[in-house]
Amino acid sequence: MHQFISMLFSLLVITGLQVSESTGTRSERSIDRSYRSELTVPNGGRWGSWGPREMCPTGTYAVGFSLKVEYRTLGDDTALNGIRLFCIDASKVSNSIRDYASVQSSVGRWGVWTVIKWCRPGLLTAFKLKVERPQGDGDDTAANNVLVQCSHGPSLVGEGTSWGEWDYWSNTCEGKGICGIQTRVEESQGGGDDTALNDVRMYCCD
């Protein structure tokens, strides 16, 4: 009898764990999600390779972003190294943000992630880059900061670095908002001048 009770208790624990896991929130990236249009800017840097297109889970859209930034160092500055989008269900953008997915494309190895900037209560709909053009010699940093346009409320500037100039805005999403990202990143060259993140594409979904 004691052995039967022990087996029953173990079964209940295992079942409880399975239920707990199935009711938790876990978001998956949806790289095959269809998109309506592609957003680009004219001042992206030319170095590096394009990473994979990474899309928010189906039914969700970007409402926030964070940057991976290497701030000024004594040697080679790479500045902007990555961009991460935070995606939630479009029907919940006006509520407190508790459950979200994050997506990012290629990311440079240097720097730290900054705090999340949220478009409340709107969606990300357009962006522009602050880029340092080639200096001819010395240390080029390429992309340094990002500014995003929100469907409601003011634009949000990232916590990037100060080098370079802002150029034109990308086109604006005519559907619900931005739902994916792709980045062009220069990997470590082993010495000399690394530029890390150089260019960005974002995608709009209906």
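Here is a chat about the cores and strand pairing in this predicted model.

Biologist: Hi! Which residues have the most contacts inside the largest nonpolar core?

Modeller: Those are Ile83 and Leu85, in a core of 30 residues. This is a predicted model, by the way.

Biologist: Good to know. Which elements give two or more residues to this core?

Modeller: They are β4 (60–70), β5 (79–89), β9 (124–132), β10 (142–150), β13 (177–185) and β14 (197–205).

Biologist: And what does Ile83 touch?

Modeller: Leaving out residues up to four places away in sequence, Ile83 touches Ser66, Leu67, Val103, Gln104, Trp113, Val146, Ile181, Leu197 and Val200.

Biologist: Let's switch to β13. Why is β13 largely enclosed by the rest of the structure?

Modeller: Because 8 of its 9 residues are buried.

Biologist: Okay, how many bridges does β13 have with β14?

Modeller: There are 8, and the two strands pair in the antiparallel sense. Val185, for instance, stands opposite Leu197 in β14.

Biologist: What about β2, how many bridges join it to β13?

Modeller: Strand β2 (residues 49–50) is joined to β13 by 2 bridges, and they run antiparallel. Trp50 has Arg184 in β13 as its bridge partner.

Biologist: Then β3: does it run parallel or antiparallel to β13?

Modeller: Antiparallel, with 2 bridges joining β3 (residues 54–55) to β13.

Biologist: Nice. Which residue of β13 does Met55 stand opposite?

Modeller: Met55 stands opposite Gly180.

Key
Residues are numbered from 1 along each chain as its sequence is written. This is a predicted model: local features need pLDDT of at least 70, side-chain atom pairs count only at pLDDT 80 or more; totals for chains, interfaces and linings use all residues. Side-chain values use heavy atoms; hydrogens and water are left out. A nonpolar core is a set of buried Ala, Val, Leu, Ile, Met, Phe, Trp, Tyr and Cys residues joined through side-chain atoms within 4.5 Å. Buried means under 20% relative accessible area, exposed over 50%, partly exposed in between (1.4 Å probe, protein chains only). Helices (H or I, at least four residues) and strands (E, at least two) are DSSP runs, numbered from the N terminus. Contact means heavy atoms within 4.5 Å. Two strands pair if DSSP finds at least two bridges between them.
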